[in-house]
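Hi,

Here's the structure I promised to pass on. Have a look at it first, then read my notes below.

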Amino acid sequence: MISLSVNIEGDARISLLEPKDLQRLTRHAGTKVQQAVKENFESLPGERFYKDAAEATRLEMQGDAALISVEHRGVRLRWKGSGDLPGGVVKAGKGTSSHTGKPTRLLAIPAAKRMEAPGRYKPLAFIPIKKRPHLKGLLMEGEQKTAARKHKDKPAGRAIIVPKPNGQLMFRLVDATEHSPNPRVMPTVEVLSEVAGATVRRALPLLLRKKN
């Protein structure tokens, strides 16, 4: 999760505001910051991930501060990279697989840029990989077939997913991975401060005039 706090300060005239007007001004500035964060997400490439992040961007008031939060799994990792985590790596088991709906056993690394989670590309066929340090399998474009023979306790005639002829590699499955930070995920502090500051500079004189 990403969270930002917007506090109004730096202008002595702010102390002249009534508490309700100060909160109103702070909410107004926070709304503009929220809008800037959402617009930045919507400008980034990808089919759904950043659009979902924009939709998950919320604003709430906490006293005299406006809190902007983005509760979207993976967005902070893309922004800060895995160096922001203890140990600097991401391991499986902490989330839910979009492919199986169960706790993650492996991490899916897209084979091409701008791809989304595996659950958006069903059916996918799993191909195990052995004797590699971190690579444990591949997910290929798949198609449904009927099994001709039983396998262990599974009967013949069951539906199975097999690799599609000449199908593309979609994801590599690994047990741990490292991620470089991408500062473009969020506007800079300077940009967001200017957004809030410009809002205050426009609105503050109107609120003071109203008070008088």
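**Aromatic rings and charges**

Tyrosine 50 is buried, at 7% relative accessible area; buried means under 20%, exposed over 50% and partly exposed in between, with a 1.4 Å probe and protein chains only. Before going on, note that this is a predicted model, where local features need pLDDT of at least 70, side-chain atom pairs count only at pLDDT 80 or more, and totals for chains, interfaces and linings use all residues. Residues are numbered from 1 along each chain as its sequence is written, and side-chain values use heavy atoms, leaving out hydrogens and water.

Now the rings. Phe, Tyr and Trp rings (six-membered ring for Trp) pair if their centres lie within 6.5 Å; planes under 30 degrees apart are stacked, over 60 edge-to-face, and the rest tilted. That rule gives three aromatic pairs. In one of them, phenylalanine 41 and tyrosine 50 are stacked, because their planes are at 20 degrees, with the centres 6.3 Å apart. Phe41, Phe49 and Tyr50 make up one aromatic cluster. Phenylalanine 41 is buried at 0%, and phenylalanine 49 is buried at 11%.

Last, the charges. One sits over a ring if NZ of Lys or CZ of Arg is within 6 Å of the ring centre and within 35 degrees of the ring normal. Arginine 78 does this to phenylalanine 49, 3.6 Å from the ring centre, and lysine 80 has its charged end over tryptophan 79, 4.3 Å from that ring's centre.

Cheers
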